[in-house]
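I open these notes to keep track of what I look up in this structure. The entries follow the order in which I checked things.

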There are 4 protein chains.
Amino acid sequence: MSDVWNRGAAAVATLTFDVDAESAILARGGTYADHAMTMSHQAYGPDVGVPRLLDLLDEFDIPATFFVPGWVAQQRPGLAARIVERGHEVAHHSYSHRPPTTMSEAEEQADFERALDVFAAQDIEILGHRAALWEATAHTLDLVAQHSLLYDSSLMGDDRPYRVATANRGEIAELPVHWSLDDWEQYAFLPDPHVGSVIESPAKVLDMWCAELDAMRHYRCLFNLTCHPFLSGRPSRAMALRRLIEFALQRGDVTFARCGDVARWAMDTPELPVRGLTPPPTLHFA
Amino acid sequence: MSDVWNRGAAAVATLTFDVDAESAILARGGTYADHAMTMSHQAYGPDVGVPRLLDLLDEFDIPATFFVPGWVAQQRPGLAARIVERGHEVAHHSYSHRPPTTMSEAEEQADFERALDVFAAQDIEILGHRAALWEATAHTLDLVAQHSLLYDSSLMGDDRPYRVATANRGEIAELPVHWSLDDWEQYAFLPDPHVGSVIESPAKVLDMWCAELDAMRHYRCLFNLTCHPFLSGRPSRAMALRRLIEFALQRGDVTFARCGDVARWAMDTPELPVRGLTPPPTLHFA
Amino acid sequence: MSDVWNRGAAAVATLTFDVDAESAILARGGTYADHAMTMSHQAYGPDVGVPRLLDLLDEFDIPATFFVPGWVAQQRPGLAARIVERGHEVAHHSYSHRPPTTMSEAEEQADFERALDVFAAQDIEILGHRAALWEATAHTLDLVAQHSLLYDSSLMGDDRPYRVATANRGEIAELPVHWSLDDWEQYAFLPDPHVGSVIESPAKVLDMWCAELDAMRHYRCLFNLTCHPFLSGRPSRAMALRRLIEFALQRGDVTFARCGDVARWAMDTPELPVRGLTPPPTLHFA
Amino acid sequence: MSDVWNRGAAAVATLTFDVDAESAILARGGTYADHAMTMSHQAYGPDVGVPRLLDLLDEFDIPATFFVPGWVAQQRPGLAARIVERGHEVAHHSYSHRPPTTMSEAEEQADFERALDVFAAQDIEILGHRAALWEATAHTLDLVAQHSLLYDSSLMGDDRPYRVATANRGEIAELPVHWSLDDWEQYAFLPDPHVGSVIESPAKVLDMWCAELDAMRHYRCLFNLTCHPFLSGRPSRAMALRRLIEFALQRGDVTFARCGDVARWAMDTPELPVRGLTPPPTLHFA
């Protein structure tokens, strides 16, 4: 494998933060807007978590990527701009945080473009996209290409960047994610809506992520970490993130980058695999 | 941030105990009153857990706060008084342990005031409130202010005290809680009603809480711990709580306080953020 | 507290094994008898687990108590007798492993007495009882007293033995159990019927149980451990049990005993609390 | 116990990989073929996981067994052949990954034979079978014997090989599996379809499996490990597998073998228990 996409690093680390705020709950419908505790649990993300995490990134001078739903950017004017001013990338995370697998193509297109309109009105340049709940469809990838974005970051078909051949719109870069590099499965807990079963210790999470980073250095992968400010902005979890960054820096061969940068490097690397999105034939039972 | 609310401590620790007893189960309806094992599981809290925990607090001369549903105080006359006699605060935890999000405003008001009547009849001074299951609504906070209580402790919008602007009744202090500082998610297990999936080791819980306390010292937060006597009164869990207290005392810069005291300090700190309770606009889908 | 019930030991350890075999699954109804894998999973208990655990107990010369459903004793003639021959107690664990909370009083009485008939026919003396899934009702305890058994071991109202005042039949001893001293919550996993979410490491379980034993030595409790041969008979779990026994023996102040012996000691200790089984009044909502 | 079946080793280790790819999801029905993320999550198995795991096995020169659904072999021509060329066994894992407990006998027979046809067309010799989700019925074992396969590996009735007396077709070898030696319960996570609740650290899994291997050396068992390339092919999990292999090799008394070889050894060992598959009589409630 050529070392073009990773610029010679053993592993490239993209720290990404999904700033879902209330949208991750409101998109489930119901009357959750009236649940003051649940709303405060989500508001903690942009109100307390994001400033704390921006300060942490500043300390180490590390660039990151913040995936922000259009509705969140709209509800909190200035939030996206402040993130960009601190040297980070803001990327597309749907408008309403509804997963594409639950929308018609027309609904998804409207939702997708509504977010683009919000960011355009706020002068935020958008280079890439991540589907709500990562639940992308082939149509999602088509929308990404149609709107000339460089990359998507919702699929799991590899642990290095790859290129996706969309149905009608040419190739885009895919920066794959994975459940094991997501703070949601480790930390999220809400009884209503039911989210999460167990709250893990940051020590376990730090240990698991450091082991994955070391293994990804061995296999020369993209360490694409997904965190949520309402989860990883909590004190001891932010401390675990700090220790993860220190661990990566001490290794000496890990490069931190924004997703947009990695997407460009990936598109410059012809050796990366290209994958189509033709769904597998449904199993026909004899 | 001014050091008024925390009186100069790196972190303020409020040890709180929710003495739910049978109410946490009976509020779910059904025929659980006839499930002798389940009832004995809950009765362990006031019968065995509370005396053991009171002795533990005595050993270290640490003040704590006990949130007691009115029904529990009524069923066990003398329980609330004994807690107060040992130097602790008894606070309002609803009458019936039904979460506000499942009651009409009239039902919630009746339930709220019925608990106040029980405590008044027992000469227990009430300074603050915590919603059952933490499921407060804006109306809950209004009730807290309307009855001139100083504080609520059900929301999660910060990890320092803040002030809440209720709709019609002025400001109260909020002493925020969080799932990660609650023994329920770590220890609770019942098959019917279904409660909990995994029983964690006290060693893991102690490690996680010590890490959070250290991180909260770094960020100068309120370490507002919620325990349940029927869970944390068990032998090895009480021992873990003992070690947590020893850990905090050894740090030398942690102040233990009752919730009522912290609420007063918070209301004396104009720099603390004030947050409104206007629910976010429901997401309108394009 | 007088040291009569514990004969002066810091903690008394009753190792108990619930030999449910297929009954724990078949009692759920459905067509599970045809699920060969599930049935083999359960049959492992008496076929492989029990012999291995008997050998382990022999090595240390430690007496234990095996709670056996009548149906299991009937299906595997000689099983109960072999356990008794090795020096252990066989106790009543229902006939069909249906929990009392799901049966009418008449059904429960028939099930209870059917098991007694099986054991009588096999000349197995029965001193005590444990409800299926621990789901005892007040009626269950009445049956225990009515049939002149000495004890029940299904409730959780204390961590020392206590005495239960049954409605019409006088007192029996209660040897309380708890979810945290049960291998089911740590190890059990089946997708259909759905049982368990996480398979824990024996190292975690051993650590947790040793910590509880130490804390119970501190508080002078009954360490009443519930294991299932189809779970704890597996190799590394049997090894963890071996290490737990070694740990207890090294402490030097832990006494291993059969449940029947502890029940007798408890009934000789007037200082132990007596608890009634009157269910709490159902919560009346204002 | 004679040491024939294990050729004198303290434990025999069969590393097995279930190459389910998309079939494990598509067999649940629904529209999952259009869920691009979910499909990419599954495709990772044969696309990235299998090559990585084959390289790992090569490094240590260890033979393994790959259970492949017929549909997967059909969809990815050359996959099964490449596995065989590397010195491993390919075995029968149904055609469509539907569990036998959900099919009529006629459906199961058609599914079973359709897979055999696929492998015959690809010149892959098939010696044994594993049921989808391990959900074998007595009929499944009959099919295994009827088609002259040597072994099944779906049941849990022992932790050493045993022999199964099928209803009409004679004996086959059973190489028993268990939930605690499966990577699924430790690593699998998908929200839709709902799979898994907690993502465990490879460090915990490695520790648990090493402890089980040591205990199995003590009891002279078959360490029959089930991994899935879409799970254990991930970087830090592949590293944990590497460490497990190193641990086993360092012990010096563990033999790695293909399932087919162990099945032959087992059939040469008359001392191994023979078990029938007559389902237990359904519990008749009094």
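Entry 1, chains without contact. I looked up chain A against chain C in this predicted model. Chain A and chain C do not touch, and their nearest C-alpha atoms lie 9 Å apart. I then checked chain B against chain D: these do not touch either, with 9 Å between their nearest C-alpha atoms.

I superposed chain A on chain D, which takes a rotation of 90 degrees with 0.0 Å of shift along the axis and leaves an RMSD of 0.0 Å. The two copies are thus related as by a four-fold rotation axis. In chain A, the residue that comes closest to this axis is A:S197, whose C-alpha is 4.6 Å away. I also compared the interface residues: only 7% of those of chain A are interface residues in chain D as well, so the copies meet through different surfaces.

I repeated the check with chain B on chain A.

On the α10(C) side I noted C:P235, C:S236, C:A238, C:M239 and C:R242, which meet D:A211, D:E212, D:A215, D:M216, D:H218 and D:Y219 of α8(D). By class, the residues of this contact are seven nonpolar, two polar and two charged.

α8(A) contributes A:A211, A:E212, A:A215, A:M216, A:H218 and A:Y219, while α10(D) contributes D:P235, D:S236, D:A238, D:M239 and D:R242. I sorted the residues of the contact of α8(A) with α10(D) into seven nonpolar, two polar and two charged.

I noted a volume of about 660 Å³ for the second largest pocket. It is lined by 38 residues, of which B:M39, C:G276, C:L277, C:T278 and C:P279 are the closest to its centre. Which elements each supply at least two lining residues? I listed α2 (36-60) and α3 (70-75) of chain B, together with α5 (105-121), α6 (138-146), β6 (162-166) and β10 (274-276) of chain C. α2(B) gives the most, with six residues. The lining of this pocket has 18 nonpolar, twelve polar and eight charged residues.

I found a cis peptide bond from C:D192 to C:P193, with omega near 0 degrees. C:P193 sits in the loop between α7 (184-187) and α8 (202-219) of chain C. In chain D, a cis peptide bond joins D:D192 and D:P193, with omega about 0 degrees. I placed D:P193 in the loop between α7 (184-187) and α8 of chain D.

Last, I checked B:S94, which is not a glycine but has a positive phi of about 75 degrees. B:S94 lies in the loop between β3 (89-92) and α5 (105-121) of chain B.

Methods:
Residues numbered from 1 in each chain as written. Chains lettered and ligands numbered in written order. Predicted model: local features only at pLDDT ≥ 70, side-chain atom pairs only at ≥ 80, totals over all residues. Heavy atoms only, no water. Contact = heavy atoms within 4.5 Å. Least-squares fit on C-alpha atoms with pLDDT ≥ 70 in both. 1 Å grid on protein atoms, 1.4 Å probe; cavity = no way out; pocket = protein on both sides within 12 Å on 5 of 7 lines; lining within 4 Å. Points joined across faces, edges and corners; volume = space filled by probe spheres on them. Helix = DSSP H or I, 4+ residues; strand = E, 2+ residues; numbered from the N terminus. Nonpolar A, V, L, I, M, F, W, Y, C, P; charged D, E, K, R; others polar.
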